[in-house]
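Let's look at how side chains pack inside a protein. Keep the model open beside you as you read.

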Amino acid sequence: MSETELLALLRELDDPERLEKPLYYDRAATGLTFSRLIRRLEADFGSPCESERDTQDSSQYGRIHVPADATICGTRIVVCVSKFGSLAEVCADNPGAFLGTDEARDEGALDPADLATVEEALTELRYVSVPEELLESDYTGPSALERFAARPTWWTRFFGFM
């Protein structure tokens with residue numbers, strides 16, 4: 001999806017009445033797909049992946065950590081999954097450690113082949129991968145997020161604590 005299409009999707013999913021999860025949130029289905037993503041990444045990287053799931057008081061469902069020793073550059077990969085619209089974010093080391101995957105690649109922390117492997121798994125499981133650069137841009141939606149962050153971003157809205 002283009003940046004314009006992704007922003008349109010973020011705005012469409014943004015319901016100011018439901019900050020933590022959407023109206024028709026299916027926790028069981030979200031958990032099953034998340035488990036499939038874990039198994040897929042473990043198979044693709046040939047290593048067990050730690051995960052956190054069912055994050056409370058957050059619009060994020062969970063995170064998967066591909067261990068550093070399983071990646072080409074020796075930096076762990078973190079995949080964050082939102083409770084909204086199967087949104088996902090891929091980052092090197094941790095969200096915010098780099099200004100995005102482009103910077104992580106430029107600094108030698110993320111190999112394009114590893115990123116492609118993760119992106120392929122997300123696509124096949126029908127996640128929508130949103131670049132960290134876009135998620136870190138200023139939030140321009142209708143939800144009142146100022147009480148959660150001094151400078152709300154799209155990441156605050158779809159992956160942050162509420």
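Over which ring does the charged end of Arg157 sit, 4.9 Å from its centre? It's the ring of Phe158.

## Before we start

This is a predicted model, so to speak of local features we need pLDDT of at least 70, and side-chain atom pairs count only at pLDDT 80 or more, while totals for chains, interfaces and linings use all residues. Residues are numbered from 1 along each chain as its sequence is written, and side-chain values use heavy atoms, leaving out hydrogens and water.

## Arg157 and its rings

A charge sits over a ring if NZ of Lys or CZ of Arg is within 6 Å of the ring centre and within 35 degrees of the ring normal. Arg157 also has its charged end over the ring of Phe84, 4.7 Å from the centre.

## An aromatic cluster

Phe84, Tyr139, Trp154 and Phe158 form one aromatic cluster. Rings of Phe, Tyr and Trp (its six-membered ring) pair if their centres lie within 6.5 Å; planes under 30 degrees apart are stacked, over 60 edge-to-face, and the rest tilted.

Phe84 and Phe158 have ring centres 5.3 Å apart and planes at 70°, so they're edge-to-face. Trp154 and Phe158 are stacked, with 6.2 Å between centres and 5° between planes. Phe158 has 0% relative accessibility, so it counts as buried (under 20% relative accessible area; exposed is over 50%, partly exposed in between, with a 1.4 Å probe and protein chains only).

## Around Leu37

Leaving aside neighbours within four places in sequence, Leu37 is in contact (heavy atoms within 4.5 Å) with several residues, including Ile64, Val79 and Tyr127.
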